[in-house]
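Please read the points below with the sequence and the model open beside them. They go from the whole chain to single sheets, and then to single residues.

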Amino acid sequence: MDPTSIPESVTDKYERLFESGIWAQVDLLYNKIDDDPASSKHPFWIESLRPIQVAAFDIDAYRESRSRLDRDAWLDLLIRSIGLEPMTFNTRLKLLFLARFIPMCERNYNLVELGPRGTGKSFVYREMSPNAILVSGGRTTMPQLFGYLDRRRNPGLIPVWDVVAFDEVAGLEFSESTAVQMLKDYMESGSFSRGKDETPAEASMVYLGNTNLPAETLIQTSHLFADLPKAMIDAAFLDRIHCYVPGWEVPKMEHRYFTKHYGLVSDYLAEALREFRRMSYSDAVTGEFEFGDHLNARDEKAVKKTVSGYLKLLHPDGRWSRRDLREYLELALEVRLRVKEQLRVLAPHEYAKTLFSYIEPDTGHQTVVSTLEQPDGVDRGATEELHVLEEEVVQRADDRSAAELARLPESSTLEFKASMRYDLQTGGANGDLGQVLVKSVSGLLNAQGGVILIGVRDDGQIIGLAQDFEMLPRRPDQDGYENHLTTLLENGIGAAATANVRVSFEDVGGQQVCRIAVRPSSAPVFTSRRGDSDAFYVRLGNSTRPLGPKQTHEYISQHFRR
């Protein structure tokens with residue numbers, strides 16, 4: 001085509017015309033007067049240009065749009081932007097889906113996701129951004145990753161792309177033995193050496209693969225990195241991973257999970273993610289919380305980068321609450337802890353400290369974070385410190401006041417409940433809270449016992465029972481409260497199991513707190529559920545979880561053997 005005259009108004013408005021060009025619908029005018037081969041004038045003029053791709057990105061407009069929605073609405077919009085219907089998933093699963101975007105908005109971020117086939121692990125990296133490249137498993141060479149020594153011939157994937165994702169990572173082979181070492185150094189420092197030059201790069205590294213066994217089986221028989229190539233199962237290499245997404249929690253994709261609603265155009269979202277790579281919210285965590293003693297510098301860096309990624313994705317306007325920050329912090333600690341727990345299996349002498357926690361400086365309250373996948377036996381302390389803490393709660397509970405216990409972190413022997421009936425969200429009665437409490441008691445009975453404090457928030461704040469008393473169906477006082485609680489337990493776990501439970505009340509600064517002391521049961525305790533079969537619950541880490549039939553059988557045979 002002959003040269004075309006482009007009005008300055010078009011080039012001013014669409015800055016990407018000067019970069020690599022854009023797809024657009026263009027209206028051209030032909031001026032016969034200017035059609036003279038001897039003249040320097042051009043006969044074709046652009047009358048109008050309507051971009052099909054994103055031709056310019058206005059970050060202020062993006063932030064302003066976010067400020068019009070609350071956090072959950074914005075989260076749902078992002079989930080719909082990847083073609084999924086958020087109404088079919090809970091908040092945790094939505095955040096796990098969103099973790100796949102963190103490498104696109106966070107520089108030098110290293111992520112692993114291993115799980116069953118058909119869960120859409122590679123979709124985001126293949127379809128959602130022109131700045132990410134998906135490499136299928138196979139033989140990988142040093143020049144492919146880092147370029148030739150003569151960089152003009154081939155600069156390599158890592159210096160060029162924002163994200164380099166390896167799919168089917170189990171089939172990945174390295175042609176040179178030094179490739180993994182070089183990749184390891186790059187994942188730590190963000191630069192690499194080829195020849196005499198040190199080359200900085202910002203590409204995030206993503207490793208995607210399928211697991212051939214359930215996570216519970218892998219934990220019992222080997223470790224959660226077992227499906228990686230042998231060359232990558234190196235403790236120093238794996239320690240560079242910032243986030244291990246538990247792919248086994250993600251359901252296989254079905255038509256009912258796909259949305260029929262609109263989301264952000266992928267090109268537009270990709271531009272937003274790339275724009276935020278220039279920024280960092282890594283210091284947001286340390287402004288509100290402190291890390292526990294078991295996190296080393298590499299752990300803290302990983303957690304900060306994950307939190308920074310979530311803040312960029314969900315709070316691009318720079319506004320978030322402490323509650324939001326705590327939610328992202330706990331998830332960031334979990335996905336890094338998953339790495340450390342497997343490193344402890346591979347090199348127990350080097351990675352013994354896996355008690356991940358955070359502290360709220362204003363209250364001194366410490367919260368311990370755990371991963372959801374655990375062996376069927378109770379983990380009675382990943383470290384000696386946690387073991388001592390949990391033993392003290394069980395053995396010295398009578399010597400500690402409720403105020404003292406509230407200053408301790410929740411663990412496998414200590415749990416806090418804000419209420420038994422009063423719903424803090426709706427301000428009314430909620431019978432489901434009582435059922436949750438029964439499950440918690442059942443979980444302690446089936447583990448090593450412990451203490452539950454009612455009238456205490458998760459962060460250790462004492463709120464008392466006054467509002468809970470008002471929600472009682474009869475006798476809104478202490479005796480009525482104890483009778484209602486005892487009835488719940490007898491109906492849920494039976495009178496024999498309830499005999500291992502002792503209920504008492506304490507006054508803490510003018511607020512009443514209910515203490516439930518639970519002795520470990522000598523026999524399995526099943527919990528009755530309305531309209532469903534009985535369930536078996538166990539306290540694992542700082543949460544209570546149901547076990548499936550097979551896991552229940554194995555747990556009972558190990559835990560209750562004479």
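**Notes on the predicted model**

1. The protein chain has 21 helices and 22 strands; helices (H or I, at least four residues) and strands (E, at least two) are DSSP runs, numbered from the N terminus. This is a predicted model, in which local features need pLDDT of at least 70 and side-chain atom pairs count only at pLDDT 80 or more, while totals for chains, interfaces and linings use all residues. Residues are numbered from 1 along each chain as its sequence is written, and side-chain values use heavy atoms, with hydrogens and water left out.

2. Of the 562 residues in the protein chain, 51% are buried. Buried means under 20% relative accessible area, exposed over 50%, and partly exposed in between (1.4 Å probe, protein chains only). The accessible surface of the chain comes to about 26,100 Å², and carbon and sulfur atoms hold 48% of that. Such areas come from the Shrake-Rupley method with a 1.4 Å probe; for residues, only the protein chains shown count as cover. Among contacts with a separation of 6 or more, 72% are between residues 24 or more positions apart, where contact means heavy atoms within 4.5 Å.

3. Axes are lines fitted to C-alpha atoms, for helices over the stretch in contact, and angles run from 0 to 180 degrees between N-to-C directions.

4. Within that sheet, strand β4 (residues 110–115) pairs with β12 in the parallel sense over 4 bridges, and Leu114 stands opposite Pro246 in β12.

5. A second open sheet has 3 strands, ordered β13-β14-β15, and its pairing is antiparallel. The edge strands β13 and β15 (365–368) each pair on one side only. Strand β14 (residues 357–360) joins β15 over 4 bridges, and Ser357 has Val368 as its bridge partner in β15. Helix α14 packs on this sheet, touching β13, β14 and β15, and its direction makes about 160° with that of β14.

6. How many residues of strand β19 are buried? For β19 (residues 511–518) the count is 6 of the 8, so the strand is largely enclosed by the rest of the structure. Strand β17 (residues 450–454) pairs with β19 in the antiparallel sense over 5 bridges, and Ile454 has Cys514 as its bridge partner. Strand β18 (residues 501–508) also runs antiparallel to β19, joined by 8 bridges, with Val503 opposite Ile516. The hairpin of β18 and β19 has 2 residues between the strands, and Gly509 in the turn has a positive phi of about 60°.

7. Gln512 lies in strand β19 and counts as partly exposed, at 27% relative accessibility. The side chains of Gln512 and Gln478 make a polar contact (2.6 Å); the term means a pair of N or O atoms within 3.5 Å, and within protein one must be able to donate a hydrogen and the other to accept it, while residues adjacent in sequence count only if both atoms are side-chain atoms. These two residues are 34 residues apart in sequence and 9.1 Å apart in space, C-alpha to C-alpha.

8. The structure holds 19 aromatic pairs. Rings of Phe, Tyr and Trp (its six-membered ring) pair if their centres lie within 6.5 Å; planes under 30 degrees apart count as stacked, over 60 as edge-to-face and the rest as tilted. The Tyr281 and Trp320 rings are a tilted pair, because their centres are 5.5 Å apart and their planes at 55°. Tyr281 is buried at 16% relative accessible area, whereas Trp320 is partly exposed at 29%. Elsewhere, ring pairs link Tyr62, Trp74, Tyr268 and Phe276 into a cluster.

Terms used
Two strands pair if DSSP finds at least two bridges between them.
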